[in-house]
Every structure is written in C-alpha cells, then in structure tokens.
Amino acid sequence: MNSLTGKTVFAGIAIGRIKLHKKETGVVRRYKISDIPTELKRLETALDKTDGELEALYNKALSEVGESGADIFDVHRMMLKDQDYLDSINNIISGEKVNAEFAVAVTADNFAKMFSSMEDEYFKARAADIKDISERLISVLKGGAGADEASSEPVILAAEDLSPSETVQLDKSKILAFVTKYGSSNSHTAILARTMNIPALIGVDFDEEQTDGAQAIVDGIKGKLIIDPDGETLEKYKKLKQEEEEKARLLLEMKGKETVTKSGRKIRLYSNIGGTGDLPAVLENDAEGIGLFRSEFLYLEKDNYPTEEEQFDVYKTVVQAMAGKLVIIRTLDIGADKQIGYFDLEKEDNPAMGYRAIRICLDRPEIFKTQLRALYRASAYGNIGIMFPMIISVDEVKKIKEIAESVRAGLKADGISIGSVELGVMIETPAAVMISDDLAKEVDFFSIGTNDLTQYTLAIDRQNRRLDNIYDPHHPAILKMIKTVVDNAHKHDTWVGICGELGADLSLTETFVKMGIDELSVSPNFILPLRKTIINMQ
Ligand code: PEP
Ligand code: MG
C-alpha cells in the first residue's frame, strides 16, 4: 500500500483501477516486417475497429449535439473506406515491407499535401480529416488508449496534466476520478472535473510504472491517492463511500423546494455548464436556470469554426431542455488556458492578459456575429440571456450592443423570429468593478467571475500551481469588490449574480445573501447543498 497526497479539486471517494492517460507523441516508428499477409491482416482488423469507434462517436455526437455535429464522423467513415487511400497503404506495406503504422503515416502525409494544394476550399479542408482518421487508425494499430477506452470499465484516470480540450473529449461515464501530477485548482480542467461531479486531485507525485493498472482509492475529502490499499483500508473506504452516497440521497429532499431564506429572501440558484452533456445533471439537481454556459467548449471540441447552424442546434437544445427557465450563454471566451489551433493565435508572453475573450470577438466581428445570430435565433425557443466576458470599459459594451443590435435587426429583416433577450456582462476585472456604476446603466445583469477577478486583483496567475496556496478568493479585496458591485448594480435596477467558483463556497453563502446577491451559478452538484444552506438561513 502506498499513500500519496495531492490537492482536492472536487471531493468524493472513488475506488477502482488506475489508467494512465498518455499523450499521443505523434511519432511513428518505421520497421521492417517479414510476413506481409499477417501485416495486411493486422491492418484490416484495425480498420474494422476504427470504423466501429467512428460509428460509436457518430452515435454519441448525434445524441449530444444533433445531426449536424455528428455528420463529420459519417464523412470520416467514408474516407476510411476510400479505395485510393487503402491501395496506397497496402502498396507501401507490400512494396517496402514495412509496418502498417508507418504506411498509414506516409499515406496520410501524401494525401493531406494533395488536398491542401487544391483550389477548392471544400477539398482543402479534407486535409485535416485525412490526418484525423489516420491518427485514429495509427492509435488503434498501436493498441492506444483511445481505442480501448470505449469498451473498458470505468477507471481512475491518472495523467501528467490534462488540457481543457482533452478533458471535454473524455467519455465521462468511463471515469471514476481524475488524478494529475500538475495543473492548478483554478484551471478550466479543474472546473470541468467539478461539473462532471467526479472526485479529482491535482499535484499528486505518482510513479507511472507503479500506478498504471493498479487498484486504488481516491480520497477527495482528505486529498489522498492510495495505491494498492490493504483489505482493512479498502473496507473503511467502501463504508465511507456508502455514507457519502447516503448524504447525497438526503440532499435530494431539497429537490422541488423554493430557494428562499426564513425571512423570505429569494435567491436564484442557477447552474454552470460546458455543453449539452451537462444537462442531465442540471435537471437532476433541480437548477432554476443556467447562469453560465461556457460556449467556448463548443469551439474547443471542433477542429474548425462551428457554423451558425451547428451553434444554433446546441443553444436551441439547451434552451428547450430548460423549458422557459433562464439560460445565460456567455459568448466565446478563448485565449489563456483555452487555446484553439484553428484560431491561429500568436504565442504571447502573458496570455491571461492578452488577446482573448471579448477582445478577439470585437477584433474579428465575423466570428462574433455568427455566434450572436445563432443565439438570437435560439431565443425564439425559450428564455435567453447573453453575457460578455472580460469587460474593461463602457466603450466595449456600447460597441457590443451596436453589433448585437445590427444582428437582431438583420434577423428581423429576414423574417426570423426572436425572443426577448437579457444582456449582461461579466465582472471579472478590477476595472469592471471600479466602473460598475456606469456599466450597470448599460445592461440588464452582472455576473461576477470570481475566478478571473481573483487572478487579476491579487496579480496571481490562476494557472500557476506554485501560487495555489496564496490564490485566495476570500481575500478582503475580493469580498469588498463583490459588495461594491452589488450596490452599484442595484442603484440601477440591474440584478447581479456570481458565476465564479466562489459562488459554491458554503462558508460564504450567508455573506453573499446579506450583501444582496440575487443569483448564484454553480456546478450542478452544488445546487442542492446551497439550497439547503439558504433555506436554513434567517
Ligand atoms: C470566472 O472567471 O470566474 C468565470 C466564471 O469564468 P472562467 O472561469 O470561465 O474564466
Ligand atoms: Mg473568467
């Protein structure tokens, strides 16, 4: 038995086998083979398996994002069966007597170059698809993790680190817990782990060899990873896990109740989501609306800009699922730790303070307008709020409103119906706090992003794990800022919520309610504990 310590990102107990999540290095070795028929058979088996994976991905995408998002996997299946592509791989294996992985890599390179050099934009774009299916096929040939994960039992996933885009692509139903060596508790990967409602630890110094495949316990309450537990420890944790589950059952009594203090103050309890996959948890935990839909995850999941139609499908799904309850969708907030290859963002020395979020949207209005069109179209199906991240000036808000108005007018002129939409801004920079009095005159609501507000106020990079111990959202500067924002907002009848992680901190709930906060938006699993706390408050 070996007990290691780490930092808890999301509490809870998980018991199961560890699986190491290895990053694909992309290096394909070339080696000579002597038995060509066996190598060709190995290729054929891998092609079948890859086709099965693509079919499963098609079905998953179909249920999560609809037909338009799923289509790409159908195209990939067809490309995998393309005779020229298959002939090229077979010829390289037979002619050069080399391994199948190498033959696939060479073929992928040749075909991608050929597609890239074509005039037609459609064919140009196929270069990325060829690379994608080939990487998948190579991974299956190598017996890679991607190939096995679909069929394996749920596991404790151990990794050096996980990027937000890797995390969104994981099959959530197959993961019992996350354990990473690096990462910070304020990163978006950590936030995703909380939304997924699974125990997660960071900063655990595990040994790869000893860890992979081992039986283990993740104790997200005490921040421990116990590898190869002895019988007594295992029993103790099984009991603890049962007790935790019992507590969760008791909380369910809070379902359907109104979130109101004993003295009659009503607080709106909304949920943060990253995509349609989080909707079951939102409904199960009885959220009263969605206070933050991080729309950038839609962009992170794709290898090209999501079209207006694709975005519309997703927003409409969320709005319809919430059946008239308010759904606040935040416009694209990329940059910093959320990097997207196809945006071609330059490398920056200070990405958190760089070209990101609303700055990109105002600089590249065609991207912004596509998203706004999709949002306004979806507004006809329910109750939408749109909010804008990283605001620092009234001028920005005026520009945003002008663009939003032109999009709205354009849709109306086309005879497309639009519902009423509330507009809001995130208060997550000290500048926004200081001018909140003026900002409040411009918008319907504020949502305080305490994650970034803490980072910028305390001058602490939220990604830097060395500074995790002094990244303190309880700092009096932050609490005073929240109070200032609430007072300024209310002077102008603007309602105000918190959507940063601090909103879920039960030790501050009473303080926030007393300050006059109108709304708290948190990961789905924090809704019922918060309701219980508020109901028991004066
Ligand atoms: C925040 O900054 O508090 C916030 C909610 O946004 P994000 O964590 O996505 O930056
Ligand atoms: Mg933020």
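Predicted model: local features only at pLDDT ≥ 70, side-chain atom pairs only at ≥ 80, totals over all residues.
Local features need pLDDT of at least 70 and side-chain atom pairs count only at pLDDT 80 or more, while totals for chains, interfaces and linings use all residues. Residues are numbered from 1 along each chain as its sequence is written, and side-chain values use heavy atoms, without hydrogens or water.

The domain assignment, automatic or taken from a database, gives domain 1 (2-22 + 160-244), domain 2 (36-141) and domain 3 (270-535). Taken over C-alpha atoms, the centres of domain 1 and domain 2 are 34 Å apart.

Turning to the ligand, 15 residues surround ligand 1, each with a heavy atom within 4 Å of it. His-188, Arg-294, Arg-330, Gly-449 and Asn-451 are the closest. This shell holds 4 nonpolar, 5 polar and 6 charged residues, with Asp, Glu, Lys and Arg counted as charged, Gly among the polar ones, and Ala, Val, Leu, Ile, Met, Phe, Trp, Tyr, Cys and Pro as nonpolar.

Oxygen atoms of ligand 1 lie 2.7 Å from a polar side-chain atom of Arg-294, 3.1 Å from a polar backbone atom of Thr-450 and 2.8 Å from a side-chain N or O atom of Arg-462. Ligand 1 exposes 280 Å² when taken alone, and the protein buries 100% of that (Shrake-Rupley method, 1.4 Å probe). Helix H8 (188-195), strand S10 (290-294) and helix H19 (450-458) each give two or more residues to the shell; H19 gives the most, with 3 residues. Helices here are DSSP runs of at least four residues (H or I), and strands runs of at least two (E).

How values were computed:
Chains lettered and ligands numbered in written order. Polar contact = N/O pair within 3.5 Å; in protein donor to acceptor, adjacent residues only side chain to side chain.
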